[in-house]
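I opened a notebook for this structure and wrote down each thing as I looked it up. The entries follow in that order.

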Amino acid sequence: MRPRGELSRSALPLLFLPLLFLPAVVQSARQQWHLQRVPVVLPLQTDARPDPSFLSPAHLEVTSPCDPECHRAAPRPSYWDLRGLLAFETLHSNGHLTETAVGIYGYDPRADTSPAYLVADAAPPPTKTPKAPVRRRRQIFGHDGRFSIAGRDHLLQYPFSVAVKLSTGCSGTLVGERHVLTAAHCVHDGKNYVKGAQKLRVGFLRPSQRDSSPSSSANSTNHAEAALGSAYYSPPSNHKMRFQWIRAKRTHVPKGWVKGNANDIGMDYDYALLELKKPHKRRHMRLGVSPPAQRLPGRRVQFSGFDNDRRGQLVYRFCAAGEETADLLYQHCDAQPGASGSGVYARMWDRRRRRWERKVIGVFSGHQWVEQDGATKEFNVAVRLTPLKYAQICYWIRGNFVDCREG
């Protein structure tokens with residue numbers, strides 16, 4: 001096992017790393033955003049609920065006894081099941097709690113035609129990986145492939161600038177002018193809201209003026225990740241980093257998470273949306289319906305977050321997507337507690353806008369290990385933005401369904 005800081009000090013080949021990040025030149029069908037008509041998730045009735053107690057500490061890790069095979073074997077929820085799962089609670093900054101029932105329109109679970117379900121259902125069962133006899137170092141799979149993002153220009157540049165930190169210890173992603181997407185377990189443990197959820201704050205990493213590390217791509221948003229290969233990176237010093245905090249006004253959590261818990265199949269709904277009290281004035285990343293893993297460029301996913309073992313630093317990573325179900329995406333991206341809640345995104349060609357565009361397609365939930373027959377299987381899990389989840393989150397952001405019909 002390498003020492004924690006060894007990766008940042010090692011010199012990676014200059015010609016190798018850029019190849020991992022450069023976009024494909026050919027705009028093939030496999031690397032385009034496929035716009036599709038999404039259903040409507042519309043609030044129907046809102047009722048007051050007893051105020052939460054906010055007693056439990058936030059748990060930055062999610063464990064579940066249900067592996068990919070278990071999720072695939074679960075029956076597909078009915079229309080009425082989905083209405084219950086997509087109903088949601090709203091926690092207000094004054095501590096009051098409401099619950100909202102929803103209606104679902106334009107969706108038939110018995111005849112779903114979304115690309116995600118078609119591929120998930122039609123794909124052959126994946127080859128089983130050997131079971132490890134012992135648990136590895138938590139959330140790091142062999143060689144630590146994470147990158148600490150250094151330099152004022154990089155930290156304040158899209159897409160790294162959309163990563164934010166929650167006061168409960170998790171990460172999040174800017175998805176609107178005043179909205180942050182994160183994991184539900186960062187604010188709710190499945191039974192009640194965690195300590196600090198009522199006065200939840202969102203932190204924006206800001207380097208000090210003294211941090212003037214050079215950037216070779218300060219004027220290019222299309223190749224921000226490629227800058228990691230243009231110079232050898234060393235992590236920034238903690239004293240050069242500070243956070244500017246904004247209070248959350250409202251927090252939306254789907255009942256699919258509230259009805260379950262961190263040890264239940266409810267992790268399919270491990271996502272939440274925060275509305276800030278004021279605009280953050282940064283560029284945000286748009287939402288996108290999660291495509292099948294085989295349609296991702298290089299079958300690769302990426303995300304940035306604030307891992308606990310690198311305090312005060314923004315950490316970026318990428319890796320190949322692994323197994324998938326209709327609601328979850330499994331991968332072995334290296335991460336540590338604190339990165340949960342990060343927005344998993346992909347970059348593909350948008351034919352309508354005629355440009356390359358990054359979109360958030362999932363929420364990093366965390367590390368999962370499953371004990372089976374005395375052995376341990378390990379995964380890092382992200383919640384996919386299905387058409388229904390996209391419709392729900394988009395409505396939370398936009399306040400209407402007209403702007404949420406195509407994902």
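**Entry 1: the second largest pocket**

I sorted the lining of the second largest pocket by class and got 8 nonpolar, 4 polar and 11 charged residues. I kept in mind that this is a predicted model. The pocket's volume came out at about 430 Å³. I then looked for the residues by its centre. Of the 23 lining residues, Arg-286, Tyr-390, Cys-394, Arg-398 and Asp-403 lie nearest that point. Two elements give two or more residues to this lining: strand β11 (286-287) and helix α8. Helix α8 supplies the largest share, 4 residues. That sent me to the helix next.

**Entry 2: helix α8**

Does the length of α8 agree with its residue count, or disagree? I worked it through. The helix runs over residues 387-398, which is 12 residues. At 1.5 Å a residue, α8 should span 16 Å, and its end C-alpha atoms are 16 Å apart, so the two agree.

Next I asked how many residues of α8 are buried. The count is 10 of the 12, so the helix is largely enclosed by the rest of the structure. I noted the names: Pro-387, Leu-388, Lys-389, Tyr-390, Ala-391, Gln-392, Ile-393, Cys-394, Tyr-395 and Trp-396. Tyr-390 and Cys-394 are buried, and they are also among the residues nearest the pocket centre. Just after the helix, Gly-399 takes a positive phi of about 80°.

**Entry 3: the cores**

I looked up the largest nonpolar core and found 74 residues in it. Those with the most contacts inside it are Leu-86, Leu-181, Val-253, Tyr-271, Leu-287, Leu-314 and Ile-393. Which element gives the most to this core? It is α8, with 6 residues.

I picked Leu-181 and listed its contacts, leaving aside neighbours within four places in sequence. Leu-181 is in contact with Gly-172, Thr-173, Val-175, Ala-272, Leu-273, Leu-287, Gly-341, Val-360, Val-363 and Ile-393. Two of these, Leu-287 and Ile-393, are also listed with the most contacts inside the core. There is a second, separate core of 17 residues, which includes Leu-296, Val-344, Phe-364 and Ala-382.

**Entry 4: the cavities**

I searched the whole structure for cavities of 30 Å³ or more and found 6. I stopped at the second largest cavity, with a volume of about 120 Å³. Its lining has 12 residues, of which His-34, Gln-36, Val-289, Ser-290 and Pro-291 lie nearest the centre. By class, I got 6 nonpolar, 5 polar and 1 charged.

**Entry 5: Asp-350**

I found Asp-350 in strand β15 (residues 343-350). Is Asp-350 buried or exposed? Its relative accessible area is 2%; buried means under 20%, so Asp-350 is buried.

I checked its partners too, not counting residues up to four places away in sequence. Asp-350 touches Trp-33, Arg-286, Arg-355, Glu-357 and Lys-359. Arg-286 had already come up by the pocket centre. Trp-33 is 317 residues away from Asp-350 in sequence, yet the two are 5.6 Å apart in space, C-alpha to C-alpha.

I looked for a cis peptide bond and noted one joining Tyr-158 and Pro-159, with omega about 10°. Pro-159 sits in the loop between α6 (152-155) and β5 (163-166).

I then turned to positive phi angles outside glycine. Lys-281 has one of about 65°. Lys-281 is in the loop between β10 (272-276) and β11. With a relative accessible area of 79%, Lys-281 is exposed. Arg-354 has a positive phi of about 55° and is not a glycine either. Arg-354 belongs to the loop between β15 and β16 (355-372). At 65% relative accessibility, Arg-354 counts as exposed.

**Entry 6: the whole protein**

Last, I took the totals. I recorded 8 helices and 17 strands. Of the 407 residues, 57% count as buried. Among contacts with a separation of 6 or more, residues 24 or more positions apart account for 79%.

Key:
Residues numbered from 1 in each chain as written. Predicted model: local features only at pLDDT ≥ 70, side-chain atom pairs only at ≥ 80, totals over all residues. Heavy atoms only, no water. Expected span 1.5 Å × (residues − 1). Buried < 20%, exposed > 50% of the residue type's maximum accessible area, 1.4 Å probe, protein only. Core = buried A, V, L, I, M, F, W, Y, C linked by side-chain atoms within 4.5 Å. Contact = heavy atoms within 4.5 Å. 1 Å grid on protein atoms, 1.4 Å probe; cavity = no way out; pocket = protein on both sides within 12 Å on 5 of 7 lines; lining within 4 Å. Points joined across faces, edges and corners; volume = space filled by probe spheres on them. Nonpolar A, V, L, I, M, F, W, Y, C, P; charged D, E, K, R; others polar.
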